Amino acid sequence: MSDARSEILSRVRDALADVDPAALPVESPPGAAPTDVLTRFAERVADYRAEVVRCSPDEVAARVADSLVEGSRVVVPPGLDVDVANAFVDEGLSAAELDRVDAVVTACRLGIAETGTIVLDHEADQGRRAITLVPDRHICVVRAEQVVADVPDAMPRLDPGRPLTWISGPSATSDIELERVEGVHGPRTLIVVLVDGNQSTSTSVGDRDGS
Amino acid sequence: MTARGAVVHWARDAADANRVIVDVARTHAVDEVVKVKSMVTQEIDLNGALADAGIAAWETDLAELIVQLGDDLPSHILVPAIHRNRAEIREIFLRRMHEVGRPAPTELTDEPVVLAAAAREHLREKFLRARMAVSGANFAVADTGTLVVVESEGNGRMCLTLPEVLVSVVGIEKVVPTFAELDSLLRLLPRSSTGERMNPYTSMWTGVTPGDGPQEVHVVLLDNGRTRALADEVGRQALRCIRCSACLNVCPVYERVGGHAYGSVYPGPIGAILNPLLKGTGDPQTDSLPYASSLCGACFEVCPVRIDIPEVLVHLRTQVVDARRDDSVPKPEAVAMRAAGYAFGNARRLRWAERVSGLAGRALTRFGRSRLPGGRAAAGRLPGPGAAWTGARDLPAPPRESFRAWWRRTKGGRVDE
């Protein structure tokens, strides 16, 4: 196909013969700068019908345990630094095996306050992409220092060489008569445990209409 | 991308691209592939090419699934099944799902949440079994080799992560120079397309990641008319399109006629310029698209990447007209315009034309049987090519007397009629 490559590239060069190639990179407009980034983050994540639990560092294990349904099968990535009782570590489970898992607990790379997004780069504390996709319940631990204000603050902190998954609330569709339905193929429940100083509050948006 | 373990293919046109994908499927002896919703694979009719090779392609986006099971065509860029109501969707699921996989539950109701759950069960079987997936990409980053897919249901993540082999078809206009420049686009796209601050899922991947996701990754870089569009100085701005569908949602024409009326994969205002730019003039269907507009400019107002669609529409209209200027048999419109130009060009010829028109008015109202609201006489059915017009509409009969004849007869209104 190398001849197709040179053919297409020469067509591009011919087409752009009249264009000055000295264009500068497009600068992004600055993002939002809320005074309380963590509160904005918690609000925006909850607005997407995810549950947000704020807690102090020594409460993390307990809050994660609260978020799990008793007796469910829970998988964790190999590098997770939170103790999850009765969980087993992912060692390359097949898709069919993952389909029999009820929940997954992971860390994240960062959180974006303005858009209510968590970003995973699938390092050892977050695991392979499949483990946060197939189980129906995802509990994600976000540390205060990982939360940035807006997308422009996030980009320089991400490594494009790694696979990246941006998650804003549980999976959703509006394909049937534009009525929003949560949980089509991805996890139907997303719980974000926000680890922050000494606060211990819960922002849960059960039936707010986010569509 | 090559440095990160992906195989890069270049495709001049749809046939090139489909050949690459069928070859990859044959190499792995798969008889089915799962697909992420993508405009570009519609553009090259990949599903048709795979079917010809005996390979089933399963659409996994809920709306695309509805369209595929209904043997239908998408009618909107973002919500392809917007023309189907919940009762129709239930009927399609009950009738077709069991023919291609896990049947719909018998107690299926027409509530969206129940229908979505049925689609989840039906498709999960396919995700867990599929060994090969095909996707498009919303963006491709030149300096890092990263591909980006923006979605909301998670079907994209399923296709991009679970199978062993992944082929992504990427139009060459999707390339963004640097990773940092994704920033603006990722903020613009969800806000302009669904009004969300961010779509539920965005996946980015760069080649192969050992131990995670597909271990064989192919990328097909597709031209298929994009360099032709790039060579058009006015039209090339259409290549900036990020397929957010904002222009469809405000278009008064699209709102009335729907996506199918455009007869193309890309509907609405953006389709009316993209299709002629990609294919060039000459096809009657494509040539008609620049005229399917009131030029009201609403599409330009909402476009987040500032594509001046009305400007391009007018530009393409001139191309269509210029391409037909030397036809041996001119179009009826051209004949009519030439005749009108001849009549209006000279006062005596105009007076003569007015008298003919007045006589025709008398004749038509004598034979015509209908009156328009307000009492004006309407002509009956016209013979010949005019019948297509009068078959569905009333044609007001020409006035018996022209303004200039009335002016002469009444001395400018001073003499009573």
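View 1. The largest nonpolar core of the predicted model comprises 56 residues, and within it B:Ile66 and B:Phe93 have the most contacts. Once neighbours within four places in sequence are set aside, B:Phe93 is in contact with B:Leu62, B:Leu65, B:Ile66 and B:Leu69, and also with B:Ala104, B:Leu108, B:Leu115, B:Ala118 and B:Ala119. In soluble globular proteins, nonpolar side chains tend to be buried together.

**View 2. The packing of helices α4 and α5 in chain B.** Helix α4 of chain B, residues 62–69, packs against helix α5 of chain B, residues 86–100, at an angle of about 75°, and the two axes are 9 Å apart. Because angles of 65 to 115 degrees are counted as such, α4(B) and α5(B) are roughly perpendicular to each other. From α4(B), the residues B:Leu62, B:Leu65, B:Ile66 and B:Leu69 meet B:Ile89, B:Ile92, B:Phe93, B:Arg96, B:Met97 and B:Val100 of α5(B). Sorted by class, this contact has nine nonpolar residues, one charged residue and no polar residues. An α-helix has 3.6 residues a turn, so residues three or four places apart point the same way.

View 3. Helix α4(B) is mostly covered, with seven of its eight residues buried. The buried residues are B:Leu62, B:Ala63, B:Glu64, B:Leu65, B:Ile66, B:Val67 and B:Leu69. Their cover includes β10 (172–173) of chain A, and from chain B it includes α2 (39–43), β3 (56–59), α5 and α6 (112–129).

**View 4. The spans annotated as LUD domain in the two chains.** In chain B, an unreviewed UniProt entry lists residues 1–222 under "domain: LUD"; over these residues the chain is 39% helix and 21% strand, with the end C-alpha atoms 15 Å apart. In chain A, the "domain: LUD" listing, likewise from an unreviewed UniProt entry, covers residues 97–195, a span that is 6% helix and 35% strand and whose end C-alpha atoms lie 31 Å apart.

**View 5. Chain A as the setting for its annotated span.** Chain A contains five helices and 13 strands, and its C-alpha trace spans about 65 × 45 × 40 Å along the principal axes. Of the 211 residues in chain A, 52% are buried. Among contacts in chain A with a separation of 6 or more, 73% are between residues 24 or more positions apart.

Conventions
Residues are numbered from 1 along each chain as its sequence is written. Chains are lettered from A and ligands numbered from 1 in the order in which they are written. This is a predicted model: local features need pLDDT of at least 70, side-chain atom pairs count only at pLDDT 80 or more; totals for chains, interfaces and linings use all residues. Side-chain values use heavy atoms; hydrogens and water are left out. A nonpolar core is a set of buried Ala, Val, Leu, Ile, Met, Phe, Trp, Tyr and Cys residues joined through side-chain atoms within 4.5 Å. Buried means under 20% relative accessible area, exposed over 50%, partly exposed in between (1.4 Å probe, protein chains only). Contact means heavy atoms within 4.5 Å. Axes are lines fitted to C-alpha atoms, for helices over the stretch in contact, and angles run from 0 to 180 degrees between N-to-C directions. Helices (H or I, at least four residues) and strands (E, at least two) are DSSP runs, numbered from the N terminus. Angles under 35 degrees count as roughly parallel, over 145 as roughly antiparallel, 65 to 115 as roughly perpendicular and the rest as oblique. Ala, Val, Leu, Ile, Met, Phe, Trp, Tyr, Cys and Pro count as nonpolar, Asp, Glu, Lys and Arg as charged, and the others, Gly among them, as polar. UniProt positions are given in the numbering used here, feature names are shortened, and annotations may be inferred rather than shown by experiment.
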